[in-house]
Amino acid sequence: MRARALVALLVGLAVGLTGCASLPSSSAPQAVGTIDRQVPATSIEAPVPGRAPDLLLRDFLGASTDPANRHVAARQFLTDDMSESWDDEASTTIVDKVDVLPEARSSNEATYTIRANKVGQLREGGLYEAEEGSYDARIRLEQADGEWRIAALPPGVVMDRALFLGSYQQRSLYFLDPTGTALVPDPRWISGGDDQLAAQLVGLLVEGPKSALEPGVRTELGDGVTLAGPITKADGRTGAVGVGLGGVRINLQGLGGFDTESRTRLAAQLVWTLSNAEISGPYRLEADGAPLDDRQPDGWSTSDVASFDPLAGANPAIGLHALREGSLVKVDDGGLVPLPGVFGTSGGLRSAALSVDGDLVAGVEDTGRPAPEPGMSLLVGDYGTGESAKALDAGSITRPSWDLDGSSAWVAVNGTTVVRVVRERSTGNLSVVGVDTGAITALGSNISELRLSRDGVRAALIVDGDVYLATVVRGSGGGYSLTAPREIGAGLGSPALSLDWSDGETVVVSRAAPETPVVQIAVDGSRTDALPSRNLTSPVVAVDASPTTELVADARAVFQLNNNDPANDRFWREVPGLTGIRAIPVLPG
């Protein structure tokens with residue numbers, strides 16, 4: 001509740017900081033392609049005179065997307081008594097495909113049923129939670145001074161998903177991974193004017209991460225750190241803060257014990273949260289009225305905390321690699337260059353992964369042994385020398401996924417067990433350590449894909465064809481667990497085949513449906529956007545991605561999609577060096 005009080009203090013308005021959206025409960029494939037549609041926020045300011053009751057009810061749903069002053073815009077559509085008693089804070093439900101069905105009507109009273117697909121809930125703090133099901137509510141209207149008004153409705157707010165997406169902004173707060181070296185996004189849905197956005201985001205950042213993420217992250221804006229006054233422009237002006245030029249000034253207190261590294265991490269959280277919300281710097285950060293760091297007396301910019309850039313990709317010098325005919329090759333201008341050692345000569349590799357720094361390789365090799373002997377081996381070794389060792393044998397092993405510092409590769413074994421293969425950098429010795437996956441195995445019988453986010457704090461999984469996200473938590477004894485799994489791919493309409501992280505906020509998924517084989521899903525499950533399908537031939541069997549590019553292997557070749565291309569000119573192009581070749585793309589991570 002501390003952040004809510006701070007926001008109210010700073011912006012002077014009781015703006016609702018809740019938000020979510022979800023997927024249609026219908027499993028029809030075409031639903032996926034419609035999620036990217038947004039409509040402008042409702043412009044309804046007051047009930048239209050003479051409005052028919054069913055239309056007035058729809059107008060009320062549109063006005064409900066504005067939470068300002070306890071939904072004052074929506075209360076105009078209620079009778080005086082209903083306006084006094086309506087509990088708009090009870091819940092906020094996002095729905096899709098709203099039907100307004102008449103039940104009864106007389107000259108001065110009308111009853112309707114609202115029926116829709118329930119797709120999500122908005123929680124306090126701008127949090128989205130996917131929720132499938134049906135929504136039914138009975139609404140009674142009556143004549144008041146010759147105009148129809150709502151006289152009875154259930155507690156809580158209902159919002160149409162399309163109107164919600166047009167009225168709210170999705171912005172990410174940034175917290176720190178356990179090592180304090182990477183930023184982890186925590187998406188929130190925000191409503192209100194642009195001049196309130198900076199205050200809302202900072203208030204929520206001070207309040208802390210959402211509960212599901214909290215065990216996996218840390219923050220420098222923890223207990224004892226508070227705002228020492230309102231947020232202003234960098235020169236102290238109080239108007240239009242965060243809008244246009246002029247920067248932002250944030251004065252904090254409670255930082256007496258902070259060293260230089262702690263202050264830099266704190267600055268990174270604030271700067272990237274504001275910058276990625278399109279709030280321009282300079283960011284003048286102060287501690288009790290003095291500069292947060294004497295080296296930055298005039299403010300911070302993103303270049304001052306560039307090492308924390310949450311959208312940075314891997315070192316481009318590592319380059320693209322590919323599995324071709326069971327061996328790992330580097331794709332460069334001179335052609336396909338096999339890696340040294342077994343990785344480049346095996347002929348039996350089924351999947352492979354490079355560490356983020358490109359120094360290490362993990363590969364799953366077909367042993368060629370008949371059942372009931374283990375059919376797969378996991379090999380881990382050095383990229384430059386090709387020296388490798390076998391870590392384990394199993395009936396099935398998923399594509400490896402490296403953690404942030406390259407100390408371990410994660411795999412799911414035999415569909416039910418997740419392990420970390422830890423490699424000692426100095427000796428090359430391998431050890432296999434189990435991961436607590438009780439929360440994951442409760443979801444289904446087969447984990448067919450596991451990919452760690454680049455910050456190492458989340459895991460994206462395919463379990464029995466469904467897409468889930470879990471938080472990676474390191475225990476006090478050094479062990480790891482996957483906690484708080486939640487489905488983010490509801491409504492895909494067909495089983496997921498492969499997935500990878502595009503950036504910290506989105507996962508790219510290939511699915512069995514031929515008409516929309518590749519989609520992009522927000523980590524909070526609020527959006528599923530269909531990626532172009534031009535030039536692809538189903539099935540798309542493998543996906544690899546970076547913040548700038550998606551790569552897929554379809555039935556014919558390897559294709560790439562450039563995220564910087566104009567929306568009307570985005571289509572899959574064959575990857576130079578792999579034209580006409582069936583292969584599986586491999587990027588670091």
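What distance separates the centres of domain 1 and domain 3, taken over C-alpha atoms? In this predicted model, the separation is 45 Å. The chain is divided into domain 1 (53–155), domain 2 (168–308) and domain 3 (316–586), with bounds that come from an automatic or database domain assignment. Residues are numbered from 1 along each chain as its sequence is written. Local features need pLDDT of at least 70, side-chain atom pairs count only at pLDDT 80 or more, and totals for chains, interfaces and linings use all residues, while side-chain values use heavy atoms, with hydrogens and water left out.

The chain has ten helices and 35 strands; helices (H or I, at least four residues) and strands (E, at least two) are DSSP runs, numbered from the N terminus. The radius of gyration of the chain is 26 Å, close to the 25 Å that the globule rule gives for 589 residues, so the chain is as compact as a globular protein of that length. This radius is taken over C-alpha atoms, and the globule rule is 2.2 Å times the number of residues to the power 0.38. Along its principal axes, the C-alpha trace spans about 85 × 60 × 45 Å.

The largest pocket has a volume of about 980 Å³. On a 1 Å grid over the protein atoms alone, a pocket is an open set of points where a 1.4 Å probe fits, with protein on both sides within 12 Å along at least five of seven lines, and lining residues have an atom within 4 Å of a point. Grid points are joined across faces, edges and corners, and a volume is the space filled by probe spheres set on the points. The lining of the largest pocket comprises 32 residues, of which Gln170, Asp503, Glu505, Thr506 and Gln520 lie nearest the centre. Two or more lining residues come from each of strands E6 (169–176), E27 (496–503), E29 (518–522) and E30 (528–530), and E6 gives the most, with five residues. The lining divides into 13 nonpolar, ten polar and nine charged residues; Ala, Val, Leu, Ile, Met, Phe, Trp, Tyr, Cys and Pro count as nonpolar, Asp, Glu, Lys and Arg as charged, and the others, Gly among them, as polar. Because domain 2 and domain 3 both give residues to this lining, the largest pocket lies between them.

The second largest pocket holds about 660 Å³ of space. Its lining has 32 residues, and Leu127, Pro209, Lys210, Ser211 and Ala212 lie nearest its centre. Strand E3 (127–144), helix H7 (194–207) and strand E26 (480–487) each give two or more residues to this lining, the largest share, six residues, coming from E3. By class, the lining contains twelve nonpolar, six polar and 14 charged residues.

An unreviewed UniProt entry lists residues 198–296 as "domain: GerMN"; such annotations may be inferred rather than shown by experiment. Over residues 198–296 the chain is 26% helix and 15% strand, and the end C-alpha atoms are 20 Å apart.

Strands E12 (residues 321–324) and E13 (residues 327–332) pair in the antiparallel sense over four bridges, where pairing requires that DSSP finds at least two bridges between two strands. His321 has Lys330 in E13 as its bridge partner. Two residues lie between the strands of this hairpin, in which Glu325 takes a positive phi near 50°. E13 is also joined by four bridges to strand E14 (residues 335–338), and these two strands run antiparallel. Here Val331 has Leu336 in E14 as its bridge partner, and a hairpin joins E13 to E14 through two residues.
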